[in-house]
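Work through the exercises below with the model open. Try each task before you read its solution.

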Amino acid sequence: MGDKIIAQAKPKAEEGRHNLPFAFRHYSPGELGQALRKMYLIRRFEEGAEESYTRGLIHGTMHLSIGQEASAVGISLPLTDDDMITSTHRGHGHCIAKGAEVSRMFAEFFGKETGYCRGRGGSMHIADVSKGNLGANGIVGGGIPIAVGAALSMKKLKTGRVVVSYFGDGANNEGAFHEALNMASVWKLPVIFVCENNGYGMSTSTRRSTAVANVADRAAAYAMPGVIVDGNDLSDVAEASHAAVERARHGEGPTLIECKTYRHRGHSKSDRNRYRTKEEIEDWIANRDPIQLFEAQMQEYGVIDAAGIEAIRTDVEREIEAAIEFAKTSPAPDLAGLTRDVYTDLA
Amino acid sequence: MDTTIRELSYAQAIQEAMAIAMERDERVFLMGEDIGVYGGAFQVTGDLVHRFGEDRVMDTPISELGGAGVAVGAALTGMRPIFEFQFSDFAALAMEQIVNQAAKMRYMLGGAVSVPLVMRFPAGSGTGAAAQHSQSIEAWLGHVPGLKVVQPATPHDAKGLLLAAIEDPDPVMIFEHKLLYKMKGPVPEGYYTTPIGKAEIRREGKDVTIVATAIMVHKALEAAETLASEGIAAEVIDLRTVRPMDRETIIASVKKTSRLICVYEGVKTLGVGAEVSAMIAESDAFDFLDAPIVRLGGAETPIPYNPELEKAAVPQVPDILKSARDLVNGVR
């Protein structure tokens, strides 16, 4: 019964734009197509990285965000290249959403000199400062105070820019989270805190780790809006981001957005998924995949057709293949450069 | 350039450096706990808030980790923050941001960013503040590539090293010994810098080299005066910078004197003196040594409250005298 009512309540495009979900009112078909393309690009980048890891081309570890693409892309939609982000150990999506080139990202994962960090950072420190991405972070909650500091700079320098700080549900129990949110609110800084709550801090569920039902509930303690959105619905995420970015740009201070989402893969490459059921994982993959959901919406509202989707997929496939080839054929760092950039060379 | 030299206290010299830096560069600002109208726990920021306003002399909440992170973020994005800790011991609350973020950011990002951050740490014992407010932790931070660590011993260097730190594109940690804040000394007016990474020979001598840090420089100089009256010419080197260490000055001195004492307030084991000693042992100065190297460091204990115990926990002038006499006289 419930399903039927929802289905009937869904407006068709021709019934009036004002009843469409936010993203379909606010962005052009071209922009929505770009958003879908970025979600694919993130998905295929991570699948490509996973495959390269399995084949021994990438060492170390990585944390995949497959299943969380709507949050990365939706939050980024209202941002400009001048706005900044701090990201997390699960940060490939944020990096791509903010405009990074997958070729230089693959090169970084392959440890090559052409990578964003010249092979010094790898997956956990991927950054693209030229696009305002101050970097992923290997420390849970490590980027949150840094984002507040960047927002302090933006305010002091009167740039009108805003800063987004992504973090996971695990970080909301770090002291850095609480200290940073408090200062951002006291100083009314242009920062948006985005918690991607995928239900588990490594293996520990939020129910077992967090005293409040929602991370967004904690916003009340720091006198800022706390917004909960379906993190797998691109339009919902973009709507919350848009409101928070506007608020920040107008000097009204920070917002905490909680994107409820799910990671399809394990925490990292060592995860055996012993803390969640197969049924739970399969349900999220089959019924709540953010890319499938967005595709369906786009088709329902007549923004794209099957051929258009196929064209985007093919285009992304080409980009990923070329990027991996670029990474494979790029030069490795020179061992003589081991200690370069520990300090700034003043010469 | 104004080269008038006045007598200023160490604290006044630091305050003057911060004022000059803020006048010269709008990006420079101060952050810390109670550094505004209170004037700082040791009155180092004093009345700067009245001269520069609350936006540039920012009181933070009692949030060392978050505050340090904010300073890192501001430094990354175009500002030049000077972050004051109330006591160096509280660095323990902020180690994540100092060690994992500030120190490594440039390297991790392949040189795409710099972190021009200055942190000031009131350090050391002698104030009766006991174990959590009296430590000398410069070796903790000196162990971290990406950081620079300095310990000015005079008002002149307190100003010059701070101005050098503000100019430096990388994070510089400044340890200021609390007992030095009231010490007066000659300080030139106006802008000047004291080079980071360069030790200073405070007294020349041919019989024994004493490498000292912070307040120990003054104890070593006092000991050297007594030793001179006994016919022992001690050379006193003020290390000034823990990282990067000025190897050349120390090596040259040890080659001249053939004897080495390291005096530092931090816990002896794995401290600054351990690095100085090992560096000499690895260098060609080793062949010049006439006697084993002596380290005089803090006792293997937290700093105690009782004033006599507190004094006993760190090297004192008589300790330096005895070590120097024994070394020169061949007593082992």
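This is a predicted model: local features need pLDDT of at least 70, side-chain atom pairs count only at pLDDT 80 or more; totals for chains, interfaces and linings use all residues.

Residues are numbered from 1 along each chain as its sequence is written, chains are lettered from A and ligands numbered from 1 in the order in which they are written, and side-chain values use heavy atoms, without hydrogens and water.

**Exercise 1.** Find which residues touch the most other members of the largest nonpolar core.

*Solution.* 
- Start with the term: a nonpolar core is a set of buried Ala, Val, Leu, Ile, Met, Phe, Trp, Tyr and Cys residues joined through side-chain atoms within 4.5 Å. Buried means under 20% relative accessible area (1.4 Å probe, protein chains only).
- The largest core has 84 residues, and F193(A) and I98(B) touch the most other members.
- Next, look at chain A: its helix α7 (residues 143-156) gives the most to this core, with eight residues. Helices are DSSP runs (H or I, at least four residues), numbered from the N terminus.

**Exercise 2.** Describe how domain 1 of chain B meets domain 2 of chain B.

*Solution.* 
- Count contacts (heavy atoms within 4.5 Å): 30 residues of domain 1 of chain B touch 23 residues of domain 2 of chain B.
- Count salt bridges (a side-chain nitrogen of Lys or Arg within 4 Å of a carboxyl oxygen of Asp or Glu): there are two between these domains.
- Check one salt bridge: D157(B) pairs with R202(B), the closest N and O atoms being 2.6 Å apart.

How values were computed. Buried means under 20% relative accessible area, exposed over 50%, partly exposed in between (1.4 Å probe, protein chains only). Helices (H or I, at least four residues) and strands (E, at least two) are DSSP runs, numbered from the N terminus.
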